[in-house]
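Open the model in your viewer and keep the sequence beside it. The stops below are meant to be selected in order.

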Amino acid sequence: MAKASSRKPPGPPPDPMPARIEPCAAMLVDRPPKGPDWIFEVKWDGYRLAVHVEPGRVRIITRGGYDWTDRFSPIAVEAQQLGHASMILDGEAVVLDDRGRSDFGLLQRALGKKPSLHDPREILYFAFDLLYLDGRDLRRLPLSERRRLVESIIVAGRAGFIRLSEEVEADGDEFFRIACEHGLEGIVAKRRDKPYHSGRRPDWQKIKCVRSDSFVIVGYEPSTMAGAIGRLLLAARKGEGLVYVGGCGTGWTSQESVKLRELLDTIRTDQPVVTLRRKGVVFTLPVLVAEAEYRAWTQDGKLRHPSFKGIREREDDATIFELE
């Protein structure tokens, strides 16, 4: 009689770790959704990043798929100390102001985009999702289960460079009102029963206190102050091209205006990507992106009262505002 084997049958093979996952993007809506199927979080004002922990290395990948590990090295070092051989965290890198609010301008200064006293070690990473863990692809799980797992790794109230973006138990309208009263950018609502899907989805919704989007810098108008910027010329994406959506002339100090002009003068061009007949305009290559706050759109498709917040790089162009 053959002796039964004492070995356990092999389990399912591990899921291969994706080299990159296109992030799930929230749809912009006017009001928070209602009902028990939704959870709410603060909307962070920073850089969307995926932290890939692999045996022997960590990679920090931007929304557009670029490796920016060297820019966030303290976060990369700490990610290796979370106790797992492999994982993919989804979250946002931010710098907090003195009232604990995320501030995109402070983040830009910490990353060296503007002259500043801010240190890169002030950059924090708020994780709000877990997409892969120790050989298991978690994207097919509902958000509630993914949240349970990420909260077991990054506990609420944890200090350090990597922190948890905590779920808020509240009525959506009330949470949104309080968020705006405290000067936050807005809130995010997510369906707790849905798996993770890449791309812009109605399962995730964002509600903003102030409108803020990214636009391609296509040139500038010089200031009456020597060596400074008067107005940035901005464009949005439409189809395969770019469309001029107006100029932005506020949001910077005199010193920052001079530094911004020095930067733009390195990418001047005689072949503009938009048609604009105006005296004194200096056109630039469409490689930099301005983050701008604004109140609304005019009837002729221009930004109303835009204010400059900071610069992004065009290589991460998934954030550029797209006209219908």
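Start with Arg-71, which sits over the face of Trp-68 at 3.9 Å from the ring centre. A charge counts as over a ring if NZ of Lys or CZ of Arg is within 6 Å of the ring centre and within 35 degrees of the ring normal. Next, select Lys-190 and Trp-204: the lysine lies over the ring face, at 4.0 Å from the ring centre.

This is a predicted model, in which local features need pLDDT of at least 70, side-chain atom pairs count only at pLDDT 80 or more, and totals for chains, interfaces and linings use all residues. Residues are numbered from 1 along each chain as its sequence is written, and side-chain values use heavy atoms, leaving out hydrogens and water.

Now select Trp-44 and Phe-126. Their ring centres are 4.0 Å apart and their planes at 15°, so the pair is stacked (centres within 6.5 Å make a pair; planes under 30 degrees apart are stacked, over 60 edge-to-face, the rest tilted). Trp-44 is in the loop between β2 and β3, Phe-126 in strand β6, 82 residues apart. Both Trp-44 and Phe-126 are buried (under 20% relative accessible area, 1.4 Å probe, protein chains only; exposed is over 50%, partly exposed in between).

For an aromatic cluster, select Phe-215, Tyr-294, Trp-297 and Phe-321.

Finish at the open sheet of four strands, ordered β1-β10-β9-β2 with mixed pairing. Strands are DSSP runs of E, at least two residues, and helices runs of H or I, at least four, numbered from the N terminus; two strands pair if DSSP finds at least two bridges between them. β9 (186-191) and β10 (199-208) pair in the antiparallel sense over five bridges, and Gly-186 has Lys-208 in β10 as its bridge partner.

Terms used
Rings of Phe, Tyr and Trp (its six-membered ring) pair if their centres lie within 6.5 Å; planes under 30 degrees apart count as stacked, over 60 as edge-to-face and the rest as tilted.
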